[in-house]
Amino acid sequence: MLVACAQEVAQRYDDCRTILHPDLGRIDVDAQVLFTENRAQTLVVLTTRPGTESHSKLELLSVLGQQQLTP
């Protein structure tokens with residue numbers, strides 16, 4: 001069930017961040033951060049650029065889930 005929110009997004013900024021995964025290593029992501037006007041709520045969206053090694057690693061993680069890569 002979706003609930004409509006009366007607050008509008010007041011600010012937004014983009015940033016590049018790096019996630020260090022214990023098995024896959026460095027994953028570079030683009031972060032989009034959205035704030036409500038009073039900053040009571042924040043939405044962070046992390047994406048990778050298609051065709052990059054980071055994108056492939058993130059796709060692999062979506063398939064593996066919680067499984068361990070090493071015995």
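In this predicted model, the side chains of Asp28 and Arg26 meet in a salt bridge, at 2.8 Å from N to O, the term standing for a side-chain nitrogen of Lys or Arg within 4 Å of a carboxyl oxygen of Asp or Glu. Asp28 is partly exposed, with a relative accessible area of 34% (buried means under 20%, exposed over 50%, and partly exposed in between, with a 1.4 Å probe and protein chains only). Side chains of opposite charge can pair when their charged atoms come close.

A search of the whole structure finds four salt bridges, and another of them joins Arg17 to Asp15, with the closest N and O atoms 3.5 Å apart. Arg17 is partly exposed at 35% relative accessible area, and Asp15 is partly exposed at 33%.

Lys57 also forms a salt bridge, with Glu53, where the closest N and O atoms are 3.6 Å apart. Because Lys57 and Glu53 are four residues apart in helix α1 (residues 53–64), about one helical turn separates them; a helix here is a DSSP run of H or I with at least four residues, a strand a run of E with at least two, both numbered from the N terminus. Lys57 is buried, at 15%, whereas Glu53 is exposed, at 59%.

Together with Val44 and Leu46, Ile19 forms a nonpolar surface patch of about 230 Å² accessible area, where patches take residues with over 30% relative accessible area and no salt bridge, joining like charges within 9 Å and nonpolar side chains (Val, Leu, Ile, Met, Phe, Trp, Tyr) within 5 Å, and areas follow the Shrake-Rupley method with a 1.4 Å probe, only the protein chains shown counting as cover for residues.

Residues are numbered from 1 along each chain as its sequence is written, and side-chain values use heavy atoms, without hydrogens and water. Local features need pLDDT of at least 70 and side-chain atom pairs count only at pLDDT 80 or more, while totals for chains, interfaces and linings use all residues.
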